[in-house]
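The entries follow in the order in which I took them.

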Protein chains: 2
Amino acid sequence: MKLSLNQWTTRRWTVAEAVEGCVRHGVEAIGLWRQEVAAQGPAETVKLVGDAGLRVSSLCRGGFLTGGSQEAMDDNRRAIDEAAELGAACLVMVVGGLPGVPAGQGPGEGFSRDLPAARERVAEALTLLAPYAGERGVRLALEPLHPMYCADRAVLSTLGQALDLAEPYPVDQVGVVVDTFHVWWDPELFAQIARAGARIASYQVCDFLQPLPADVLLGRGMMGDGVIEFAPITRAVRQAGYAGDVEVEIFNADVWAADPDTVMSTMKDRFASLVLPL
Amino acid sequence: MKLSLNQWTTRRWTVAEAVEGCVRHGVEAIGLWRQEVAAQGPAETVKLVGDAGLRVSSLCRGGFLTGGSQEAMDDNRRAIDEAAELGAACLVMVVGGLPGVPAGQGPGEGFSRDLPAARERVAEALTLLAPYAGERGVRLALEPLHPMYCADRAVLSTLGQALDLAEPYPVDQVGVVVDTFHVWWDPELFAQIARAGARIASYQVCDFLQPLPADVLLGRGMMGDGVIEFAPITRAVRQAGYAGDVEVEIFNADVWAADPDTVMSTMKDRFASLVLPL
């Protein structure tokens with residue numbers, strides 16, 4: 001299990017700068033974001049990453065499927081194409097919240113409170129997207145998000161629910177993400193990680209800050225700055241058979257304001273001392 | 001299923017004022033808080049509630065057991081005694097977060113990240129408190145809190161986990177709370193409500209605000225102001241066999257700032273139109 005930089009951890013860096021940063025700090029893999037790849041240019045990103053010898057541990061992100069729109073389906077197909085072009089180990093799927101509730105904002109006029117229906121729409125979209133991904137050699141990675149994001153970002157709230165959703169598909173077509181921030185509280189966590197086995201497509205780490213900041217999206221902290229005990233989770237993920245990259249993905253105002261090279265150094269230290277010990 | 005006022009919904013009212021408010025608005029039951037009862041005087045509270053003919057739907061709250069201290073156990077025994085004196089239908093138990101993490105604050109020096117151990121400590125405390133409660137005719141009501149409070153308020157995060165914890169005890173000794181704010185997101189919600197059956201000791205309602213306010217404790221809104229669809233949950237609770245009072249418990253800066261009589265009127269309207277329809 002090797003450290004990977006999710007590029008939003010050093011968010012002010014471009015793709016080119018983040019790739020250089022990985023090389024400079026001896027980090028062998030990177031998790032990319034679609035809008036940053038688009039800004040750098042997909043072909044140039046492929047060349048930069050390839051020349052640097054980096055693995056692309058994930059592309060973030062597809063999803064937002066609960067509205068049931070054709071536009072969302074088309075955008076997800078484009079995301080799958082991009083993941084294929086980049087040779088990403090998976091396409092992270094943040095499935096979307098209640099229809100009509102924009103991320104981080106209040107509900108829009110005429111939004112829906114029908115949570116079971118929203119969840120059903122995700123399952124329906126997968127019946128089309130999973131085969132499309134499979135044909136292109138892309139693995140979808142369903143990410144359960146912390147329940148505090150259920151209304152606006154992901155009606156997929158637990159690892160168990162993600163595994164139920166993935167079950168009809170081959171493991172190399174639909175996997176799941178284990179992100180410590182989102183799942184650390186789950187009393188079923190260790191049982192569901194064991195159940196997940198080869199379904200684990202991505203292991204992402206960051207800490208859960210206490211108290212949460214005013215914008216709860218930015219409650220993701222550097223490992224050691226919050227309340228999560230990482231080693232047992234890493235051990236469980238490893239014992240379930242996962243041997244891929246471990247992405248550090250931090251959304252945090254202070255981390256974003258800090259010098260990215262300092263963030264990289266701290267990340268490496270904390271990863272070695274807190275996340276990796278098996 | 002009848003409406004009950006949890007007194008923190010009209011927080012600036014004393015017990016005496018809240019009792020008068022219930023009578024004035026035709027609300028037949030009240031959920032009391034220990035510190036307000038202490039301020040009014042326990043004996044006077046018993047008299048006020050009795051003279052008004054109100055049911056005491058719950059006493060809030062016992063719990064905070066994860067630190068394993070003798071003080072916490074003693075305080076819980078006192079809370080049980082108070083619930084007995086008040087003839088409360090149950091004593092709500094908020095079990096506590098990680099040891100050394102004060103509610104709403106950052107972790108203290110030397111706090112513990114050992115979540116499984118904290119959960120185990122709650123189970124151990126129950127082995128002493130449940131019989132004590134049973135001898136006094138008090139029903140403990142284990143309340144799963146939203147996972148965003150796992151670190152600082154309750155390591156009990158799902159209804160399923162609460163039911164597992166309650167299982168060794170008679171249903172009239174240890175029950176569970178179904179609070180819409182805390183459990184609305186749970187993909188297992190309806191299955192676990194059905195499983196709960198006679199274990200449901202309290203049904204509490206309020207809405208989940210989106211976006212959450214800066215202090216996430218105050219994200220509890222008036223029904224209709226957030227994202228929860230209440231009727232299916234009420235129906236499930238009723239079908240599970242619960243026929244007790246339904247407490248409206250709102251922690252919200254705007255609701256607390258408003259005229260309590262206006263809050264009572266709005267509460268009654270929203271309860272009738274959004275919560276009760278079966």
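How much of the chain is helix and how much is strand over residues 22-258 of chain A? I found 40% helix and 17% strand, with the end C-alpha atoms 17 Å apart. Helices are DSSP runs of H or I of at least four residues, and strands are runs of E of at least two. UniProt lists this stretch as "domain: Xylose isomerase-like TIM barrel" in an unreviewed entry.

I noted that this is a predicted model, with local features needing pLDDT of at least 70 and side-chain atom pairs pLDDT 80 or more, while totals for chains, interfaces and linings use all residues. Residues are numbered from 1 along each chain, and chains are lettered from A in the order written.

I counted 28 lining residues, each with an atom within 4 Å of a point. A:P187, A:E188, B:T158, B:G160 and B:Q161 lie nearest the centre. Elements giving two or more residues to the lining include α6 (159-166) and α8 (189-196) of chain A.

I then checked that helix pair: α6(A) and α8(A) pack at about 25°, with axes 9 Å apart. They are therefore roughly parallel (angles under 35 degrees).

Last, I took α1 (residues 15-25) and α11 (residues 260-275) of chain B, which pack at about 50° with axes 11 Å apart. These two are therefore oblique to each other.

Notes
Side-chain values use heavy atoms; hydrogens and water are left out. On a 1 Å grid over the protein atoms alone, a cavity is a set of points where a 1.4 Å probe fits but cannot get out, and a pocket is an open set with protein on both sides within 12 Å along at least five of seven lines; lining residues have an atom within 4 Å of a point. UniProt positions are given in the numbering used here, feature names are shortened, and annotations may be inferred rather than shown by experiment. Axes are lines fitted to C-alpha atoms, for helices over the stretch in contact, and angles run from 0 to 180 degrees between N-to-C directions. Angles under 35 degrees count as roughly parallel, over 145 as roughly antiparallel, 65 to 115 as roughly perpendicular and the rest as oblique.
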